[in-house]
Amino acid sequence: MSGIKACRRIHCYQLRGQPPSRVSLWRVFFIMAACSISNINAQIRYSVPEEMKKGSLIGNIAHDLGLDVQRLRSGRARIVSGDSTEYVELKTDKGILVVKERIDREQICAETTPCSFTFEIILDNPMELHHVTVEILDVNDHSPRFAKDEINLEISESATPGALFLLGGADDPDVGLNALQNYMMSPNDYFILKQHSRPDGVKYAEMVLQKPLDRERHPQLSLILTAVDGGSPQRFGNMKIEVNVLDVNDNAPVFNQTVYRATVEENSPKGTYITTVNASDADSGVNSLISYSFANFKGNINGIFKIDEKTGLITLNGVLDYEKAKKYDIDIEAKDQGGLGNSAKVIVDLIDVNDNAPVISVMSFSSPVSEDAAIGTTIAIVSVKDVDAGDNGQVVCTVDRNTPFKLQSSLRNYYTLVTDFALDRERVAEYNITITATDSGSPALSSQKTLNLKVSDVNDNPPRFQKSVYTAYVNENNQPGLSVFTLSAQDDDWNQNARISYLLDETTEGGSPVSSFISVNAESGVVHALRGFDYEQMKSVRVCVKAQDGGSPPLSTNVTLDIIIQDENDNAPQVLYPVQTGASVVAEIVPRAADVGYLVTKVVAVDVDSGQNAWLSYKLQKATDRALFEVGLQNGEIRTVRQVTDKDAVKHKLTVVVEDNGQPSRSAVVSINVAVADSFPEVLSEFTDFTHEKQYDENLTFYLVLALAAVSFLFITCVVVILSVKIYRWRQSRFSYQSNLPVIPYYPPHYSDTGVTGTLPHGYNYEVCMTTDSRKSDCKFSTLGGQNVLVVDPSFTETMKCAMIEKRLLEDPEVPQMQKPPNADWRFPPNQRPGPSGQHRFHTLQQRWTPYEKSRAGVRPDEAGATAGVIAGTGPWPNPPTEAEQLQALMAAANEASEATATLGPRYNPQYGPDYRQNVYIPGSTATLTANPQQQVPQQALPPPQALPPVEAPKAQTPASKKKPTKKDKK
C-alpha cells in the first residue's frame, strides 16, 4: 500500500511538470523499504474546509485504509497527536473521522500554504501505525483591513503631475483567491491609483498626481481607498484619505539603500538593535525634514519591531521565535513635510537558538506484559520531535541500560521499545522505564519520559516448604478435632497463582486409610486429629500432604509429616501373680522354722505403658502383723522380717499395692493369704475360717438403674394417660351439661298425673342439657316411639299440629275434632305390652324444644265427655310457674296419684289416661319438646276397638276427688 502511495506521489509530480528530485526518490525508496519490513505501513490524506461544525464528517478511515470496523474495535484504535490540541476524533464503531474542535486555518498556519496537520492512528494486536494528513482549505472568513482607518496627506500645490504618494496596503489573513486582490479609489480629478506587488506577494497601492493642484480652489480633498478580496462573496475594507494642499515642495526623500538586511537571534531581549534606515531630501528648511514609518502591518510588525520616526532606528519591541517565523520583511516609508515620500525594504533574518527541548510522545503502550513474553516483544511506540532547526533539531533517544529493554528506530523520529531479556515477575514485578531524548544543540537539551510497566504473573513457581519432612508430637487419648500441626507453604507467584490449597494424600497406616484419623484444612493447612490415638496400638503416623496452587495448570509440592504419639499414664498395673480368684482360697505356707528373710512369695505385675509410666513400685498397704513381713520396693518379693515364733498367728492376710511412676500415678491392689504352719493338713483346717470377699459385679448397678428408669417411665406414662382421659371426659361433660339447676317437671293446670299405674313406666326420667336463651339446645330422654310429633314452623311461633287444627275449625266449626286413636297396645295388660310399659325398654331419642307462644293442646280424655278422643276445647299454655309453684305442683301431683289409687282401687285401668310421651314440657321454660320424627319407631294404627275389655268402667268421681283438682286450680 505504501508503494502505491509513493507511486501516486511520483505521478502527481509528473503531472504538475515537476520531475522528482533525487532527494524525493530516495525518500520514496526509504519509505517503501521501511514499510516492507515494518508494520507502520499506511499514509492517507484528507482535505477539509476550515470552520466546519463539530461532528462533521472528514472521511471513512476504515474504508480508506482497507480495515474492518471490527478490527478498529479489537485493536483499540486511537489517535495520537504530537500537538496539544486534537482537532479530529475517531469513531471506532463507524470507522469514520469527524471534527472534534474548531479548525481555524489562520490560527494554525497563519500565512503558510498549503496548511495541514498530521496525526497517527495506532492499532494493537498486532501493532499498526497509520499516518493521516488533513489539509485545511481556506474559507473567505476575513475582510481586508487597513492599518489605519484614516490617513492625512499634505501635498504642495507645486507638485508636478506624476508625483507618487504611498498609501500602504491592507491585510487579509485569507490566502489564495480569498486574499486581497485589488484596490479601488473614489473618483476625483487630481489623482489616479496604481497597484504594486512585492516579491513576497504583498500588494500595496500608490496614488499618482494626475494634474497640478490649486490650493485656492481646492485647499482640501477627501478620498476613499477600498481593498477588495477575491472570495465569494467578496469582502471589502475602506480607508479614508484626507489631502491638504500646501505650498511648494519640489523634492521627495530618497533612501541610500533600496534593501536593508539584518540578522538577529531568536529570543533576543526587548530593545535589541536591528538596523537603521536613512533617507535624504534635497529641499531645504521645513521641507527637508523626513519622518520614518512602517508601510505594512502584516504579521504584527508594529508589535515586534519599533522604528524611530526621526532617526530611522529600528529596534526589537517583541519576542522573536524562529519556530514561528524565520525572517521578517519590513516596508519603510520616508516622508517630508510636503507629503512627498519614498519607500525601502528591511529584511530581518532570525538565527535559530537551541531553546526547545525534544518532546517525547507515547503513541502506544502495552501494560501489563506477561512475564513469559518472548524477547523482542513490543512494549511501546514513541515519537520524538524537536522544533529547532539544524543540529538543534537532531535528536538521539536512549533508554536505561539497567533494564531488560531497548529502543529500535524504524522511521525518523519514531522509536519502538522492545524487550531485550526474559522477564521474571518474581524478581522484578514492575519497571520504571525512563526514555531520554537529547538534541545535538550547544548546549544540548534533553527531555525524559518515564513509563511504568507492570509484569503480569504466570504460574511458573510451585509452592515451597521450608522442610521436606516435619515432625509433630501429640499425646495419646487426645480429643477428636485436636490441632496437631500447621503446615505452611509459600508461592512466589501472585494472586490466584499463589493461592495454596492443602490436600491429604490417600495412604494407609496399619491397614486403615490415613484420612480416617487425620484431616488437613485446605485453606489454612492445619492438621487435625479425627479421633483419639492410643500409644499402645500406634506409636507414630506418617502423613503425606500436597500443597497445590490455583494456577492453570496447577503446580504442587509434597511434604511428609511424621506424627509421634506420646505415651500417657492411662493403664493401671496388672498383677500376674498371685492370681486373684474368688472360687478358691490360695495361701502361701511359711514354716515356723523360717529364718529372717525367708521368701514367702513374689508379686509379679506389669504395666503396658512405657517409660516412667511403666516403672512399678510395691508397698505393703495392710498386714495382720506388719512386723513379720515386708515387701521389696522394686522386685515385689515378700520376705519375713524376723523369726517366726509360736505366738504368731497362723493366718495372715497381706494387702500389697502395686503403683506406677506416672503423673498421676495408677495402682493395683493384690491380697495374699499367708499361713504359718508346718504341715498341709494344718493349713486346711485353719483356712476353713477364711472369709472371702464376694466379687462385686459392676454391671449390677447399671441394670438396677435401667430397671428403675423403665418403671418410672411407665408410671409417668400411665399417669399422663389417666389425666388425659379424665380431662377429655370432663370437657365432654361440660359440652353436654351446661346447667346445674335441678329439673322439676311441670304440668299444665288442666292435666293431672296418672301415677305409675298408667301407660308410662314407673320411672320416667328426663335428662335436659340447655343454655340460657338458646333455641338450639338438645334434650335426651328415654321414652317409647310416639306417633305424633310436634313440628315447629320456621318462625318458631306455633306448632304445625295446632295450626292445622285451628285451620280446620275455622273452615268448619261444626265438625268435631276427633282424637287420634290410641296405641293398639292399650288392649293388653301393662305387663304384656311391648315397649316401656311392658318390658321397661327405653329408647333414647333426640328431642328439640320449641316456643309455645301460640301452641294449643287438647284436653285429656277424661274431660272429653262420652266420646273418647274428642277434644273439648283448646287454650293457650299458662305462664311458666316459679320454682315454689313447681314444687307445690309436684307435691300435689303425687298426692293426687296416691289418692286416685286409693279411691279407684285396683280396678282402675290407666289406659284411658292421656299419653304424655309425645310432648315434654320443660319446667321454668316456655318451650315444648317433641320427639324427633326421624327416630320415632313406626307403629301401625289399629282399628277402633269393637268392645272394651272385661273391666269395670271408671266410676264417677267422688266429691272428695273433685275437690283436689279444685285445690290444684286454685294453687
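Predicted model: local features only at pLDDT ≥ 70, side-chain atom pairs only at ≥ 80, totals over all residues.
View 1. Residues are numbered from 1 along each chain as its sequence is written, and side-chain values use heavy atoms, with hydrogens and water left out. His-652 belongs to strand S50 (residues 651–660); helices (H or I, at least four residues) and strands (E, at least two) are DSSP runs, numbered from the N terminus. A polar atom of the His-652 side chain lies 2.7 Å from the backbone oxygen of Ala-649.

**View 2. Aromatic pairs with edge-to-face geometry.** The structure holds 11 aromatic pairs, a pair being two rings of Phe, Tyr or Trp (its six-membered ring) with centres within 6.5 Å, counted as stacked when the planes are under 30 degrees apart, edge-to-face when over 60, and tilted for the rest. Phe-465 and Tyr-470 form an edge-to-face pair, at 6.4 Å centre to centre and with 70 degrees between the planes. Phe-465 is buried at a relative accessible area of 11%, and Tyr-470 is buried at 12%. The rings of Phe-517 and Phe-533 have planes at 75 degrees and centres 6.2 Å apart, so this pair is edge-to-face. Because Phe-517 lies in the loop between strand S38 (512–513) and strand S39 (518–520), and Phe-533 in the loop between strand S40 (526–529) and strand S41 (540–549), the pair ties together parts that are 16 residues apart in sequence. Both Phe-517 and Phe-533 are buried.

**View 3. Lysines over tyrosine faces.** Lys-211 lies over the face of Tyr-190, at 5.0 Å from the ring centre, and Lys-326 lies over the face of Tyr-322, at 5.2 Å from the ring centre. A charge sits over a ring if NZ of Lys or CZ of Arg is within 6 Å of the ring centre and within 35 degrees of the ring normal.

**View 4. The two faces of strand S44.** S44 runs parallel to strand S51 (residues 667–676), to which 4 bridges join it; strands pair if DSSP finds at least two bridges between them. Ala-587 stands opposite Asn-673 in S51.

Conventions. Polar contact = N/O pair within 3.5 Å; in protein donor to acceptor, adjacent residues only side chain to side chain. Buried < 20%, exposed > 50% of the residue type's maximum accessible area, 1.4 Å probe, protein only.
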